[in-house]
Amino acid sequence: MKILMLGWELPPHNSGGLGVACYQLCRALSTQGADIEFVVPYKADHAISFMKVTPAHPQGVTEVQRAGSAYDSYKYIYKDGTVKSIDIFGQQQLYEEAVNDLVAKTEATYDVIHAHDWLTFRAALRAKQLTNLPLVIHLHSVERDRAGGGFGNPLVREIEATAMQMADRIVAVSQHTKDMIVQDYDIPADKIEVVHNSIDREMFEELDDANAYRYLTALKNQGYRVVVNIGRLTMQKNLPNLLHAAKDVIERVPKTIFLIVGSGEQYFELIQLVANLGISKNIVFTGFQRGKNWRDAYAIGDLFVMPSISEPFGLTALEAIGYGAPVLMSNQSGVAEVIRNSLKVDFWDTREMANKIAAVLQNDSLRDTLHANSLAEYSGLSWQPSAKKLLGIYGQHTSLQGTMS
Amino acid sequence: MNKAIVLYLHVHQPYRVRHYTIFDAGVDHRYFDAPYEDRTSNERIVHKVAEKSYLPTNRRLLQLLRDYPEFKVSLSITGTVIEQLERWAPEALQSFKDIVATGRVEIVAETFHHSLAFFYSREEFEAQVAMHRKKIQDTFGQTPKVFRNTELAYNNDVAQWADKAGYKGILSEGWDKVLGWRSPNYVYRPSYTENIRLLMKNYKLSDDIAFRFGDRNWAEWPLTASKFSHWLGSTEGATNFNLFMDYETFGEHQWDESGIFNFLEHLPGEWLKTPDHTFMTVSEVIDAFEPVDTVDMPHTVTWADTERDLSAWLGNTMQTSAIQALYDLKDHILATGDLVLIEDWRRLQTSDHFYYMCTKWFNDGDIHAYFSPYANPYDAFIAFMNAYHDIRFRLIEKGVVL
């Protein structure tokens with residue numbers, strides 16, 4: 001089975017869960033015999049051996065330089081030396097052209113096209129048009145998630161809606177996301193398969209003895225407890241509500257630190273909010289972190305909170321459990337479908353959020369029981385069943401039509 | 001020789017803790033008063049159970065007591081359920097009084113609050129047993145002579161205590177590991193005791209009714225009164241069949257639609273067709289038969305789950321830390337002499353609170369969830385601990401230094 005896979009990012013050049021999910025899914029698919037060519041819109045070394053990673057540059061472009069985040073502008077360097085800074089929507093259009101050229105020229109033969117999220121969908125439709133191959137589109141999120149429950153960008157919605165209509169099959173990362181696709185895009189439920197994201201435990205690096213957050217470690221030795229959030233500082237992630245809950249928690253459990261790891265367009269606004277709430281002493285912003293600083297943030301947490309307005313899956317919850325923190329998540333989170341042993345709260349209910357955070361901070365037995373039981377569930381997770389299900393979905397469509405180049 | 005069915009039914013409802021938050025602690029001391037629509041509303045649950053179970057079952061029991069002079073029943077009924085019936089379903093309480101008034105319903109002793117106090121404070125345990133005795137005397141005009149500990153939690157110590165306290169009998173689970181080669185269908189004597197007798201639940205026959213009755217995948221489904229009577233009648237070498245179960249089996253755990261009431265209505269008639277078959281209460285069977293052996297139970301056995309131990313209530317650290325924290329307040333609480341505060345503290349001792357915090361079945365999405373009014377064991381723990389914090393707040397307000 002040869003798969004033309006269209007994606008936006010892969011680790012270590014990822015800004016969030018999308019790249020990680022694509023990477024781990026492809027790894028599991030390859031162990032089950034899938035031959036994958038993964039097309040990304042930039043050139044970089046990924047050190048990946050289990051599949052072919054191909055950069056798709058538009059004509060005349062020699063290099064695309066990524067910025068820190070997938071949602072920032074990229075620098076496009078042209079043959080004639082000109083440099084253009086292009087925003088995400090423009091990048092998506094250039095990617096479409098580049099994939100079109102790539103597919104038109106290629107001598108490779110594919111069985112199926114598999115595209116991840118709206119940024120690749122126009123490219124995917126072009127590829128389908130050129131090859132007449134079956135198209136599976138994979139929704140890691142929809143525009144309503146990213147817009148924090150609002151309508152979002154109408155152009156993005158239109159791309160999503162068109163691709164959902166044209167695709168042969170739609171894969172959603174959770175029942176939560178499937179329900180949103182049925183409701184928001186009026187797609188028949190039987191066209192959509194839920195393939196849960198999972199976690200590749202082999203990718204976890206061991207924690208070492210010395211946690212990177214030395215100050216927080218010292219505070220913990222004095223009886224402090226640490227609440228952690230890791231994610232983009234963007235509307236979808238609902239951090240203002242978490243900070244309002246933090247104020248209520250800190251009033252009742254003063255020895256509490258909230259560790260906020262990540263970057264995003266709400267950064268300044270959140271810092272201002274913390275100051276206005278009068279809780280600056282108890283909130284630590286670290287900015288975007290990778291590697292040890294990232295791992296140790298989970299590890300130092302007594303509780304990981306993922307309060308998202310809508311979280312199609314929520315990989316960070318699994319990472320938190322793997323590195324040692326129990327999880328409080330919003331009821332609007334797909335990962336709740338695979339982790340029952342977690343605390344749940346409606347994203348808008350800041351009082352209940354505070355109630356549950358305070359309960360964990362005040363009762364180590366709750367923290368430890370919650371974590372031990374969630375870790376047991378986590379340890380049973382694997383990408384292999386998800387990969388198997390996907391191969392089954394490919395098979396249903398490839399058996400319907402001949403292979404074309 | 002006579003063979004007797006000893007039908008013993010346990011009636012209980014806890015005071016469930018409402019969704020009680022850290023913001024309520026120190027502000028609102030009403031932990032047990034959920035809005036009527038809420039899953040934790042005790043009033044709503046009592047209304048439902050009275051309608052589905054207590055009233056229809058007692059109506060049938062009363063008719064059977066009238067129709068069959070040999071028919072007898074034993075009941076245990078906790079103080080917490082009697083109070084709730086007084087308040088929200090007096091007609092259901094009256095129906096219990098009516099069957100007891102026939103003189104052929106024996107009431108069994110236990111703790112008023114359905115607590116595990118025996119394992120945490122002997123003094124508190126004895127206070128609750130005395131409260132229950134008084135409540136039974138006042139409500140039913142009867143003084144219990146046979147004892148059961150909460151959840152049938154039994155070991156040699158419980159038996160010794162009940163013996164010294166003057167009870168003529170005590171009830172336990174007839175678990176295979178304890179019984180060994182013995183049959184539960186006889187009267188026994190607990191080790192290290194003087195006068196007391198032990199009746200052990202025949203869990204296979206009891207669970208045929210309590211758990212398997214409505215299970216269409218069970219090979220014996222449907223279970224009829226004649227089939228069941230035939231099983232008992234053809235059992236060799238038995239004097240008494242101890243059918244111990246939750247009262248709510250009838251109409252609540254097994255719904256009316258399962259045919260459970262039909263089974264109950266026909267059981268006495270089918271059983272009594274054979275001349276030497278009869279029914280006995282727990283006291284009567286102890287008077288009627290000599291003990292055949294002694295039984296030694298150093299470890300605590302209960303009637304719950306495949307483990308038959310206390311792990312459903314005290315199996316994780318949330319449960320053990322919550323219950324220990326509660327009992328650690330005992331001296332301070334009792335010293336206040338504040339009857340409302342003491343009563344709230346005792347209501348939190350009810351074993352159900354700790355059962356709701358049990359995580360061992362949670363991963364499997366087990367049927368036990370049916371019995372919990374909380375979304376998950378963690379929410380149960382959080383509500384309970386916030387109520388506990390409020391109890392502490394009330395102590396602090398009285399000048400107690402914790």
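Predicted model: local features only at pLDDT ≥ 70, side-chain atom pairs only at ≥ 80, totals over all residues.
Residues are numbered from 1 along each chain as its sequence is written, and chains are lettered from A and ligands numbered from 1 in the order in which they are written.

Let me start with chain B as a whole. Its secondary structure comes to 16 helices and 10 strands, where helices (H or I, at least four residues) and strands (E, at least two) are DSSP runs numbered from the N terminus. Chain B has 402 residues and a radius of gyration of 21 Å, which agrees with the value near 21 Å for a compact globule of that length; this radius is taken over C-alpha atoms, and the globule rule is 2.2 Å times the number of residues to the power 0.38.

How is chain B divided into domains? The assignment gives domain 1 (3-295) and domain 2 (311-397), with bounds that come from an automatic or database domain assignment. The centres of these two domains of chain B, taken over C-alpha atoms, are separated by 24 Å. In chain B, 28 residues of domain 1 are in contact with 21 residues of domain 2, contact being defined as C-beta atoms, placed from the backbone, that lie within 7 Å.

Turning to the two chains together, 14 residues of chain B are in contact with 20 residues of chain A. On the side of chain B that touches chain A, the largest share, 4 residues, comes from α16(B). That side divides into 8 nonpolar, 6 polar and no charged residues, where Ala, Val, Leu, Ile, Met, Phe, Trp, Tyr, Cys and Pro count as nonpolar, Asp, Glu, Lys and Arg as charged, and the others, Gly among them, as polar.

Next, a pair of helices in chain A. Helix α1 (residues 17-31) and helix α14 (residues 384-398) of chain A pack at an angle of about 70 degrees, with their axes 9 Å apart. Here the axes are lines fitted to C-alpha atoms, for helices over the stretch in contact, and angles run from 0 to 180 degrees between N-to-C directions. The helices α1(A) and α14(A) are therefore roughly perpendicular to each other, a label for 65 to 115 degrees, while under 35 is roughly parallel, over 145 roughly antiparallel and the rest oblique.

Finally, the backbone. Most residues other than glycine have a negative phi, and most peptide bonds are trans. Which bond joins B:W221 to B:P222, cis or trans? That peptide bond is cis, with omega near 0 degrees, and B:P222 has its place in the loop between α7 (203-210) and α8 (225-233) of chain B. In chain A, a cis peptide bond joins A:P11 and A:P12, with omega about 10 degrees. B:H114 has a positive phi of about 55 degrees although it is not a glycine, and with 26 C-beta neighbours inside 10 Å it counts as buried.

Conventions. Buried ≥ 20, exposed ≤ 12 C-beta atoms within 10 Å, placed from the backbone.
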